[in-house]
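Please read this report with the sequence and the coordinates open.

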There are 2 protein chains.
Amino acid sequence: MQNFELTILGCSSATPTSSRNPTAQLLNIAERFFLIDCGEATQIQLRKYKIKFQKINHIFISHLHGDHYFGLMGLLSSMHLLGRTNELDLYCPPELQEIIELQLKHSQTYLKYKIIYHPHRYIDNDLIFEDKKVEVRTVLLNHRIPCCGFLFKEKPLLSNISKDTIEDYQIPVEQIVAIKNGADFTTKEGKLIPNAQLVTRFEPRSYAYCSDTCYDERILKTIQGVNLLYHEATFMNDMLDRAKETYHSTTIQAATIAQKAQVRQLMIGHYSARYKELEPLLEEAKSVFENTLLAEEGESVNVAF
Amino acid sequence: MQNFELTILGCSSATPTSSRNPTAQLLNIAERFFLIDCGEATQIQLRKYKIKFQKINHIFISHLHGDHYFGLMGLLSSMHLLGRTNELDLYCPPELQEIIELQLKHSQTYLKYKIIYHPHRYIDNDLIFEDKKVEVRTVLLNHRIPCCGFLFKEKPLLSNISKDTIEDYQIPVEQIVAIKNGADFTTKEGKLIPNAQLVTRFEPRSYAYCSDTCYDERILKTIQGVNLLYHEATFMNDMLDRAKETYHSTTIQAATIAQKAQVRQLMIGHYSARYKELEPLLEEAKSVFENTLLAEEGESVNVAF
């Protein structure tokens, strides 16, 4: 099966700590490498975890708080210095183009590769990327400044026919595509084998990235039933007032969203620097939604069917 | 004696490596904490080496190549988030103000403290900071884009009279200041003790920071005789052509500047990512100027009299 793997490069909120970097994630779907947010020192994290960053062709920036993009200029510069010529697609707040171009101008840097800007339109469920295997849509979040989450989905996969099935029924090669697309098969003896007996179908998998946001049920429709939901949980529930004030969420709120959206698995992250230990946050989230994980630097999760 | 200590936070050139961060240094002179350049992840380095960054009141940025300032926005943001209210003096290329303000605007951040900008005038030996113990001047460098080094000097110190001397000659308290300022002393017995026998004088110490620059003897006059010279040595001498082309220096060039400026000690740094081991660079520099050190992350040097 094709890869669908998420690697956490940073999971802290605004102020990094000595053990946690600001937000960045790498998502590999079928060897497309999507970088999601790019906090300071993301290029150092990519090196640390031995991820070749020239493989990244698509970068998604949720919003312009520094803990989500201050590492971008350094990464773009290093890509240039290491000889990149491939185009880079950047899905981001419209103002980021001005910020990047101003800095390139004053450093007299002329990138050897082209950046293709895809400015956010701040429409929910907006299709912003599509190829034959993957599509990406926006998830409109509710934060102090305009902010977009992202929904990554596999395209429906061709169904799989096992070698054994082909041999058992002696299916000719020229009929395989039709069967994968839903056709039944009639054996030489004239027996009709229904399609469901021939193929294995996989539901397309999906990953929703929701950071930063206050508790807002308007996202439920778009993220409904995803295989993995990342939802920020900056605070524990005793800091509910602080969460509201700063347009962030608590563990209980993240877990409530997961429960109401009927997702398969929840990952929490974007932890406030005040939390040295993360287990209490996990326990609190699990009290509402059992299948919860902690985002932890360097950890990878395979998104399951 | 008062402190005069340099701590290296990063010593790599443009592309960081997994073991070396881009340029940043902390200089402590008499409990004034000067941050010199601020490459990406400087705030993380400050935390790693347990340096309280709210003690930093003066930041010096040499030029607008990213490896010298991409960590600044993150540091300024963290200072804000952690409640800084003290003014911060920023000595920098004039264009940096626009870069900072654009990013603050788009993140809707209103800093709780004031940044006082001191834009470079690109005049050599320009006095840009002075208080009763320290002065800082520019060193005009020769790089691809406008670039200033910095010369940090102690003010002449009050001379020291030891307790033993005071007791031996029975010097009354009220005469001590005059003696420190150069007066002789006449004992009760009428014997004249010349000032030179009473006091120990210390030459003021100095540190010159020269990065990035090609080999340029025009800096010799300003940095003449400093106690410690940091001079970039991006390349070994077999890459002389590459050094010229990129307006950087080689080990031999850095050491030749140290020799011609008759400095006490040389520190080289800003190493190209191609060098995994630094000993060969040190050996090459020492072949011209024996008293040479390597800049190494986390290492501190006491600038000696």
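**Confidence**

This is a predicted model. Chain A has a mean pLDDT of 95, and 100% of its residues reach 70 or more. For the complex, the predictor gives an ipTM of 0.88 and a pTM of 0.90.

**How the chains meet**

On the chain B side, 31 residues are in contact with 31 residues of chain A. The elements of chain B that give two or more residues to this side are α1 (42-48), α2 (72-81) and α3 (96-106). Sorted by class, the side of chain B that touches chain A holds 12 nonpolar, 13 polar and six charged residues.

Chain B is superposed on chain A by a rotation of 180 degrees with 0.1 Å of shift along the axis, and the RMSD is 0.2 Å. The two copies are therefore related as by a two-fold rotation axis. Among the residues of chain B, B:A41 comes closest to that axis, with its C-alpha at 2.8 Å. Of the interface residues of chain B, 100% are also interface residues in chain A, so the copies meet through the same surface.

**Helix α2 of chain B**

Is α2(B) enclosed by the rest of the structure or left open? Nine of its 10 residues are buried, so α2(B) is largely enclosed by the rest of the structure. The buried residues are B:L72, B:M73, B:G74, B:L75, B:L76, B:S77, B:S78, B:M79 and B:H80. They pack against β3 (32-38), α1 and α3 of chain B. Just after α2(B), B:G83 takes a positive phi of about 90 degrees.

**Nonpolar core**

The largest nonpolar core has 146 residues, and within this core A:L229 and B:L229 touch the most other members. Leaving aside residues up to four places away in sequence, B:L229 touches B:A208, B:C210, B:I223, B:A258, B:A261, B:V263 and B:L266.

| Site | Feature | Angle |
|---|---|---|
| A:S211 and A:D212 | cis peptide bond | omega about -5 degrees |
| B:S211 and B:D212 | cis peptide bond | omega about 0 degrees |
| A:Q108 | positive phi, not a glycine | phi about 50 degrees |
| B:H270 | positive phi, not a glycine | phi about 65 degrees |

B:D212 lies in the loop between β12 (206-210) and α7 (220-223) of chain B.

A:Q108 is in the loop between α3 (96-106) and β6 (115-119) of chain A, while B:H270 is in the loop between β14 (265-269) and α10 (279-286) of chain B.

Which of these sites is buried, and which is exposed? A:Q108 has 11 other C-beta atoms within 10 Å, so A:Q108 is exposed. B:H270 has 29 C-beta neighbours inside 10 Å and therefore counts as buried.

Conventions
Residues numbered from 1 in each chain as written. Chains lettered and ligands numbered in written order. Predicted model: local features only at pLDDT ≥ 70, side-chain atom pairs only at ≥ 80, totals over all residues. Contact = placed C-beta atoms within 7 Å. Helix = DSSP H or I, 4+ residues; strand = E, 2+ residues; numbered from the N terminus. Nonpolar A, V, L, I, M, F, W, Y, C, P; charged D, E, K, R; others polar. Least-squares fit on C-alpha atoms with pLDDT ≥ 70 in both. pLDDT = per-residue confidence, 0-100. Buried ≥ 20, exposed ≤ 12 C-beta atoms within 10 Å, placed from the backbone. Core = buried A, V, L, I, M, F, W, Y, C linked by C-beta atoms within 7 Å.
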